[in-house]
Amino acid sequence: MSNQRLEQAIELVKSGKIEDARPLLELLIKDDRTNISAWQWYAETWSKPKDKIRVWKLCLRHNPLNPEAQQALAALTSDPLRKPDIQSKTNVSSHGSSIDSDRAPASRWLLWVSIGLFIAVTCLAIFVVKNSAPKDPKDYRHVQPVEYYLYVPRAYTADQEWPLFVGIHGAGGTGLDCWNLWQSYADKEGFILLCPSIPGDSSGFYQDVAERTVWSAIGEVQKEYRVKRRMFFNGFSAGAFFIQGFTAHYPPYVSGLSILSAGVYLNPNMFAELVPIVVVIGNSDDQTAVATSKMFVQDLKQFGFDVQYEIMPGVGHTVTKRGMNLTIDLFRKIKGK
């Protein structure tokens with residue numbers, strides 16, 4: 001059965017159907033971590049070298065002595081020295097004499113300086129363009145064991161634990177919604193971004209289903225990356241209510257909450273720890289939700305929570321730039337502690 005699935009996945013890769021092949025290969029690897037052929041084709045589903053490196057490093061965790069995995073990683077990480085392909089030539093005048101000995105060294109020096117400056121400017125331009133270009137979320141989508149979008153900052157190293165920023169979408173949405181909001185902040189602010197897709201519909205999703213989905217995605221991240229035990233949670237609408245319930249159920253794992261446009265609020269006495277919270281809602285949102293948010297914040301303050309609250313004038317049920325800025329401000333505050 002596994003051979004049939006592998007052959008099917010290989011055919012999909014060869015025909016360019018990467019998004020269809022990847023989940024099959026992830027299943028094969030999950031069932032058998034020593035299936036090197038599955039690892040090889042799984043690496044082929046990622047276009048960027050850094051993602052291929054990530055795959056092979058994970059493969060080597062499970063197969064540390066496998067020569068194929070070692071060679072594949074070495075080929076991706078090696079930086080062989082290139083030999084210069086320049087031959088020295090002596091310019092001779094029509095009388096057979098060499099170019100003036102005083103001018104030749106200066107000319108060569110200016111030539112090499114010019115070449116060096118050109119290379120530096122070109123590399124800088126390539127770097128700026130590459131890092132300013134928007135990331136394609138398809139390259140960061142995972143579908144096993146659940147669907148989630150994951151972005152790891154370019155500066156990530158395993159010699160320290162990194163903050164995990166978990167974004168939860170609203171009813172009827174997917175992890176892509178949160179990706180579009182927060183991915184551009186990850187490198188600058190220094191957090192790993194995780195955006196799970198919660199099964200449900202436009203009416204919402206179940207708390208227990210959402211919690212299993214989120215924990216499953218978190219578990220996959222923890223297998224590959226060093227992340228802090230306490231995670232920062234942001235949620236919009238139904239996602240904003242979910243993160244309250246998650247905090248009530250798992251207080252030791254939450255560092256802070258960004259509650260944006262929640263329709264319902266828990267009683268703060270359900271929170272076992274005083275986590276920092278920001279609450280944002282538009283004054284044109286559902287009026288019951290606006291009124292409830294005020295009572296929620298009043299109760300938070302009475303219990304001693306560090307809470308920032310803002311009602312956005314003229315704003316309905318949506319995420320605003322102001323709400324995002326307040327969220328990032330809270331994350332920075334927590335990170336700096």
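Select Asp 51, which counts as buried at 6% relative accessibility (buried means under 20% relative accessible area, exposed over 50%, partly exposed in between, with a 1.4 Å probe and protein chains only). This is a predicted model, where local features need pLDDT of at least 70, side-chain atom pairs count only at pLDDT 80 or more, and totals for chains, interfaces and linings use all residues. Residues are numbered from 1 along each chain as its sequence is written, and side-chain values use heavy atoms, with hydrogens and water left out.

Helices (H or I, at least four residues) and strands (E, at least two) are DSSP runs, numbered from the N terminus. Arg 54 is buried, at 13% relative accessibility. The two side chains form a salt bridge, 3.9 Å from N to O; the term means a side-chain nitrogen of Lys or Arg within 4 Å of a carboxyl oxygen of Asp or Glu.

Now select Arg 230 and Glu 273, whose salt bridge spans 2.7 Å from N to O. Arg 230 sits in the loop between helix H8 (207-224) and strand S5 (231-236), and Glu 273 in the loop between strand S6 (254-260) and strand S7 (277-282), so the pair ties together parts 43 residues apart in sequence.

Last, select Asp 306 and Lys 333, a salt bridge with its closest N and O atoms 2.6 Å apart. How many salt bridges are there by this rule? The count is 12.
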